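Here are my notes on the model you sent over. Have the structure open while you read, and go through the points in order.

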Amino acid sequence: MDILIVEDEAEIAKLIQLTLEREGFTCYSCRDGLAALQAFQTQQPDVIILDLMLPGLDGLEVCARIRQKPGPKDPYILMLTAKGEEIDRVIGLSTGADDYLVKPFSPTELVARVRALLRRSLRHGGQSLVYRTQHFTVDVDQHTASRQLDSEESEPLDLTTLEFNLLATFTSQPGRVWNRTQLIDKLWGNDFFGDERVVDTHVARLRKKIEPDPSNPTFVKTVIGVGYKFEDNPVD
């Protein structure tokens, strides 16, 4: 697995790289936001360890731009910051980060967080899973999703990793009502740290990509006081 380290403090970047290379990961690093975007395009890492405070573009902007145009690989993003306030954590996750680690942190905790991120891609046990409903096809094994509305041809959906996993969860059980805690368990597992309202942000982002009218959802319905329900007829 390839890991891109984006950290402007040389000693911290070196510590992260040595720690992860001892665990068998291939690492490369850069020190500012613009260089991070260039490295992302050329290297296509599996994981990006991204500092929040960077010269040039900050980590939030880098994260947002990567999620807008993920490329062949849609990497997991672990955001680092010296700030411990809850609001910073929520903002980081809402821009598309998968996890959040506050400085100072131990090398052991860093490795555990990275391995937890990578385990998410194995959550379905390696089985070939394809979920089909009347308007959607989600191939978990191939990590592809498509939508078909009315008589139009099927169109591929450009989803981030979190958006894809959220749609896969919804299409796996059409009609089921999911509360935020259940969705957090599916998307982040026991490694989640933050405000459960971040689920609402990712649902809103998914709606923009799959709904004919995101302001009046057809498929992902809000169940007031409970959570969300996906409505579409399953296809055997």
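1. The chain has eight helices and twelve strands, where helices (H or I, at least four residues) and strands (E, at least two) are DSSP runs numbered from the N terminus. This is a predicted model, so local features need pLDDT of at least 70 and side-chain atom pairs count only at pLDDT 80 or more, while totals for chains, interfaces and linings use all residues. Residues are numbered from 1 along each chain as its sequence is written, and side-chain values use heavy atoms, with hydrogens and water left out.

2. Overall burial: 49% of the 236 residues of the chain count as buried. Buried means under 20% relative accessible area, exposed over 50%, and partly exposed in between (1.4 Å probe, protein chains only). As for contacts (heavy atoms within 4.5 Å), among those between residues at least 6 apart in sequence, 57% join residues at least 24 apart.

3. Now look at helix α6, residues 161-172. From its first C-alpha to its last, α6 reaches 16 Å, close to the 16 Å expected for its twelve residues at 1.5 Å a residue; the expected span is 1.5 Å times one less than the number of residues. Eleven of the twelve residues are buried, among them Glu163, Asn165 and Thr169 as well as Leu167 and Phe170.

4. Which residues have the most contacts inside the largest nonpolar core? They are Leu167 and Phe170, in a core of 29 residues. A nonpolar core here is a set of buried Ala, Val, Leu, Ile, Met, Phe, Trp, Tyr and Cys residues joined through side-chain atoms within 4.5 Å. At least two residues each come from β7 (136-139), α6, α7 (180-187), α8 (198-210) and β12 (227-230). The largest share, six residues, is supplied by α6.

5. Leaving aside neighbours within four places in sequence, Leu167 is in contact with Phe136, Val138, Ala145, Leu157, Leu159, Leu206, Ile210 and Phe230. There is also a second, separate core of 20 residues, which includes Val6, Leu37, Met79 and Ala97.

6. How do α6 and α8 pack? Their axes are 10 Å apart, at an angle of about 80°, which makes α6 roughly perpendicular to α8 (65 to 115 degrees; under 35 counts as roughly parallel, over 145 as roughly antiparallel and the rest as oblique). Axes are lines fitted to C-alpha atoms, for helices over the stretch in contact, and angles run from 0 to 180 degrees between N-to-C directions.

7. On the α6 side, Leu162, Glu163, Leu166, Leu167 and Phe170 meet His202, Val203, Arg205, Leu206, Lys209 and Ile210 of α8. The buried residues of α8 include His202, Val203, Leu206 and Ile210.

8. Val138 lies in strand β7 and counts as buried because its relative accessibility is 0%. Not counting residues up to four places away in sequence, Val138 touches Phe164, Leu167, Ala168 and Thr171, among others.

9. Is Arg67 buried or exposed? Arg67, in helix α3 (residues 59-68), counts as buried, at 3% relative accessibility. Beyond residues up to four places away in sequence, Arg67 touches residues including Asp74, Asp98, Thr160 and Arg205.
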